[in-house]
Each structure stands twice: as C-alpha cells, then as structure tokens.
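Here is a friendly walk through one structure, from a surface patch to pockets, salt bridges and backbone details. Please keep the view open while you read.

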Amino acid sequence: MGRNAKVVFFDLGETLVTQNIEDNIVTKRALDELSDILPKKVSGTRLYTIYQRGFKVNHAIRSRHHVEIPVQTWMTDLLQNALGVEPAESLVTRAIRIIVRNRATNSVPFKDAKPTLDMLAKHGVSMGIISNVSSHELAVQILKQVRFDRYFKHVITSAYTGIRKPDPGIFLYALRRFKVPPGQAIHVGDSEVHDVRGAKPVGLTTILIRASNERLVTDADYRFPSLREAASTLRELVT
C-alpha cells in the first residue's frame, strides 16, 4: 500500500504550518489597514462585520458544493457593500495584497515539518501542496515566508482549480500535474473530511496527522500525532 511512492502531497494549513496569532485577529488587523486606503471612510470594525457576514454565506456554498469563492470575488463584494459602489479594480488589487501579506507573515512552520521535507527531498521524492485556500498567491507566499517553497514542484490550490477538497477533482488534477497514478502517491493532511475522505476514494495512500488524544474514527491508512512520528512510515513508503 503506497510502497515505492513517487509523489507525496501535503495539505498546508495545520499540517505544515500554523498561525502565530489567531486568524480572526490577523483579519481584523488587515481590515483596519484596508480602511485607511478607502476613498470613503469605513472603519475596520465595519469592514470586519461585512466580512463575517460574507464569509458565512460563502462558507456554506463552498462546504456544500466543494467549489471555491476566490478572493477576487469576495473582496469585490466586501468593498461594494462597504462603499455602496462598484470598487475600482486597482482598489480590489491593493486590498487583496493587504490580506495576503498579513496572513502570510502570520504563518509559522511546525518544528517537525522541515526535517520531514528534508528526508523526502534526500530520497528524491517529488512533493506537492494540495490546499483549500481562496487565494493561490497566499499559499505561494506562505511557502516563501516559511522557506518551504523550494521543496514543492507544484502548488495546487482550490483558488487555482476552483475545486475544494474533499472533491476528488482536485486530487485527480494534482495527479495529472505530476503524471503519476494514484497508487504511486501519498497525501498527508490534518482533516479527516477534507484530506482523508477526499484522497482515499481516489486511490491515494492517506496519512492523517491528528493529536492522539482526539477521539476520531478515521478511514486513513495511517494516523500519527505529528509529522515527526509519521516520518519513518513515510520513509518506508517512498523507498
């Protein structure tokens, strides 16, 4: 099962990296910064209220249909609701840059992520990212922020494909990019719903990274409390 795998895919958030400060706080800070460049005075608090309302609606759509609402779309809606007029494209672009920068700089790697990636790179294994994120650029910038970008041949995001995990389409697309069959690929992630239930039906070997004290029934092929504990099994699967 997964022996001599040629490719290892990783989820990004809460698998390789986490947030230094709670995500909601970072979003509030970014929206406070955004309020300063608006042509009409709108407080950061007001922007956050609009953001939360939009997020609730978008999250329901994304979760139910496994489609992505890209940052360009929800940011345009946020600004239009805040300003009462269609925002200029240049303003939307600046707003997205603020969000991406704030979220990327808030990302920190798990301590056992780099040793695991180093081990796989040493064995000549190709690696890719499969991540649910509304901005492809954010995923790229996070990898640069934590200096993991050099490890990954391809970064596959829901923002780029329009498809969110656990829909099999995003995994099938990733396999096509790497030109490998499912039986030669492994997917590592922290979500039973998004990672395991998405990758396993496609035929990938699945490794779930979740704390051992969490009560969870899993369909994953392997479960470990951390990447450090998963490393030896990964080594066996790729050699």
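Ile61 sits in helix H2, which covers residues 44-65. Helices here (H or I, at least four residues) and strands (E, at least two) are DSSP runs, numbered from the N terminus. With a relative accessible area of 34%, Ile61 is partly exposed; buried means under 20%, exposed over 50%, and partly exposed in between (1.4 Å probe, protein chains only). Together with Val57 and Val67, Ile61 forms a nonpolar patch on the surface, with about 210 Å² of accessible area. Such patches are made of residues with over 30% relative accessible area and no salt bridge, where nonpolar side chains (Val, Leu, Ile, Met, Phe, Trp, Tyr) are joined within 5 Å and like charges within 9 Å. The areas come from the Shrake-Rupley method with a 1.4 Å probe, and for residues only the protein chains shown count as cover.

A word on the origin of these values: this is a predicted model, in which local features need pLDDT of at least 70 and side-chain atom pairs count only at pLDDT 80 or more, while totals for chains, interfaces and linings use all residues. Residues are numbered from 1 along each chain as its sequence is written, and side-chain values use heavy atoms, leaving out hydrogens and water.

Next, the pockets. On a 1 Å grid over the protein atoms alone, a pocket is an open set of points with protein on both sides within 12 Å along at least five of seven lines, and lining residues have an atom within 4 Å of a point. Points are joined across faces, edges and corners, and a volume is the space filled by probe spheres set on them. The largest pocket holds about 1100 Å³ of space. Its lining counts 37 residues, and the closest to the centre are Asp23, Phe55, Arg103, Asn132 and Val133. Helix H2 gives the most to this lining, with 10 residues. The second largest pocket has a volume of about 170 Å³, and Glu14, Phe110 and Arg210 are among the residues that line it.

Which side chains pair up in salt bridges? The table shows three pairs, where a salt bridge is a side-chain nitrogen of Lys or Arg within 4 Å of a carboxyl oxygen of Asp or Glu.

| Pair | N to O distance |
|---|---|
| Arg101 and Glu33 | 2.4 Å |
| Asp195 and Lys165 | 2.8 Å |
| Arg197 and Glu192 | 3.9 Å |

By this rule the count comes to 10 salt bridges. Arg101 in helix H4 (residues 89-105) and Glu33 in helix H1 link distant parts of the chain, 68 residues apart. Arg101 is partly exposed at 40% relative accessibility, and so is Glu33 at 27%. Asp195 and Lys165 are both buried, and Asp11 is linked with them in a network of salt bridges.

Finally, the backbone. Most residues other than glycine have a negative phi, and most peptide bonds are trans. Lys165 and Pro166, however, are joined by a cis peptide bond with omega about 15°. Pro166 is placed in the loop between H7 and H8. Glu14 has a positive phi near 70°, and His66, in the loop between H2 and H3, has one of about 60°.

Technical notes: On a 1 Å grid over the protein atoms alone, a cavity is a set of points where a 1.4 Å probe fits but cannot get out, and a pocket is an open set with protein on both sides within 12 Å along at least five of seven lines; lining residues have an atom within 4 Å of a point.
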